[in-house]
Amino acid sequence: MADSNSLGNSLSNPLNAPDTHKLIQRFEWNARHVIEDPTALYFRLSRELIGDGKLLVLASHVPPHQPAPNLFFSAVHYLLMRQDPARVGSSPPSPLRDFFPDLTTLPDTYSDPYPAFREFCLTHASEIRKLLETRRVQVNEIGRCAYFLPAFQYVAQRVSGEPFALIEVGSSAGLNLFWDEYAYDYGEEMMYGPRNSEIRLHCKLRGEKRPRLYADFPEVTIRFGIDLHPNDVLDEDAMLWLRALVWPEQIERAKRLEKAIVHARKRPPLLIEGDALNVVPRALDAIARETPIVLFHSFVLNQFSTQARARYAALLTERSAGRLIYDVSLEPKEWPAPLVLTTYQDGKVSEKQLAVCDHLGRWMEWEG
């Protein structure tokens, strides 16, 4: 339980009206456009939280460029998971656990969850504040590999099947680096990838156009990830946080994540810690100029400042002198998020939107 001084410090100094209004808008927008389901727990909690001054003050400790609703709910989810009676040294479980479908066998879907949620947040205010200030929304959603696969095959055709180097920017735990070890089902009678893979990604194709998919996957010469704060798949607490980022109703998604973590632990990915704006140029310079390079990222640049995004594009333009660089991005400039392929070659830049995508990998509408 938080001590009274910590609790007071966490909930003093109320937000001014403009900041409060902005935070309310972020929770409302997230509920309508991201969660979407009015019956979902986070949707129900968001509806009441936007009128709760004390919890809005607590939520205001989310750093700039971090998605406040995701981080706030994940912090609560994480603390509840640490209370799991099966975990050694855990504290007594809170009544709030009864409302989380992934934390109990018979979740309470009838009672109002907000009183228990509010009490939990006020009781654990200092812990939540620390998590908001130190953790990040580094969702390692492997479902997005269903978008990257056709994008990588599109690039492979453009380089005539020549092997390329692959770099994930904002890699979190690097689970998406194993994209060619997963199996893919696009709902059209054909499976792609290793048939014996325990991890199967299902993605519905919408619209009239279809990506060109091939049984043979592109060959990659080297692959690694870059992250300001990479998550080590061998670190139990880091993986618990990664698990807490999954919404409570998405049990199958959570199981898929757990399988991907087990798979990655057999051969942990190569991850480089550092600011992408500093690491990417050094990484590009270390790769032979004749080797095509593919960088990819999802919901990462939206956490960059406008200036940082401009610097990222500028450095790729500069480093493309005498070489070929592709950048595959899934960034929410609009909603649904566009999948965009940007080509950098000899200082020239061209951009092509390949698809619009669901943020969790559930569907894709191909445009390429």
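Buried means under 20% relative accessible area. The model treated in these exercises is predicted.

**Exercise 1. Strand β8 and its neighbours**

Determine how many residues of strand β8 are buried, which way their side chains point, and which strands pair with β8.

*Solution.* 

Step 1. Strand β8 spans residues 293-298, and six of its six residues are buried.

Step 2. I293, L295 and H297 point one way from the strand, while V294, F296 and S298 point the other way. In a regular strand the side chains alternate between the two faces of the sheet. Both sets in β8 are buried.

Step 3. β1 and β8 run parallel and are joined by four bridges. Within this pairing, A165 has I293 of β8 as its bridge partner.

Step 4. β8 is also joined to strand β9 (residues 324-330), in parallel, by six bridges. Here the bridge partner of V294 is Y326 in β9.

**Exercise 2. Aromatic pairs**

Classify the geometry of the ring pairs F27 with F73 and F152 with F164, and state which elements each pair links.

*Solution.* 

Step 1. A pair of aromatic rings is described by the distance of the centres and the angle of the planes. The structure holds 20 aromatic pairs.

Step 2. For F27 and F73 the centres are 5.9 Å apart and the planes stand at 90 degrees, an edge-to-face arrangement. Since F27 lies in helix α2 (residues 17-35) and F73 in helix α5, the pair ties together parts that are 46 residues apart in sequence. Both partners are buried: F27 has 0% relative accessibility, and F73 has 2%.

Step 3. For F152 and F164 the centres are 6.4 Å apart and the planes are at 55 degrees, so the pair is tilted. F152 is in helix α8 (residues 145-158) and F164 is in strand β1, twelve residues apart, so that distant parts of the chain are linked. Both F152 and F164 are buried.

Step 4. F152 and F164 also belong to a cluster linked by ring pairs, whose other members include W179, Y184 and F296.

**Exercise 3. Arginine over aromatic rings**

Identify the ring face over which R135 lies and the one over which R206 lies.

*Solution.* 

Step 1. R135 lies over the face of Y78, at 5.0 Å from the ring centre.

Step 2. R206 lies over the face of W363, at 4.0 Å from the ring centre.

**Exercise 4. Nonpolar cores and helix faces**

Describe the largest nonpolar core, the contacts of Y182, and the placing of the buried residues in helix α7.

*Solution.* 

Step 1. In soluble globular proteins, nonpolar side chains tend to be buried together. The largest nonpolar core has 101 residues, and F72, F117, L175, Y182, Y184, Y186 and L339 touch the most other members. Helix α5 gives the most to this core, with ten residues.

Step 2. Leaving aside neighbours within four places in sequence, Y182 contacts residues including I142, L175, Y192, F217 and A260. Another core, of 23 residues, lies apart from the largest one and has V169, L284, Y312 and L316 among its members.

Step 3. Helix α5 (residues 68-82) also holds S74, which counts as buried at 3% relative accessibility. Beyond four places in sequence, S74 touches W241, A244 and L245.

Step 4. In helix α7 (residues 125-134) the buried residues are A125, I128, L131 and L132. Seen down the axis of α7, these residues fall within an arc of 125 degrees, and they therefore line one face of the helix.

How values were computed. Residues are numbered from 1 along each chain as its sequence is written. This is a predicted model: local features need pLDDT of at least 70, side-chain atom pairs count only at pLDDT 80 or more; totals for chains, interfaces and linings use all residues. Side-chain values use heavy atoms; hydrogens and water are left out. Helices (H or I, at least four residues) and strands (E, at least two) are DSSP runs, numbered from the N terminus. Buried means under 20% relative accessible area, exposed over 50%, partly exposed in between (1.4 Å probe, protein chains only). Contact means heavy atoms within 4.5 Å. Rings of Phe, Tyr and Trp (its six-membered ring) pair if their centres lie within 6.5 Å; planes under 30 degrees apart count as stacked, over 60 as edge-to-face and the rest as tilted. A charge sits over a ring if NZ of Lys or CZ of Arg is within 6 Å of the ring centre and within 35 degrees of the ring normal. A nonpolar core is a set of buried Ala, Val, Leu, Ile, Met, Phe, Trp, Tyr and Cys residues joined through side-chain atoms within 4.5 Å. The arc is that of the directions from the helix axis to the C-beta atoms. Two strands pair if DSSP finds at least two bridges between them.
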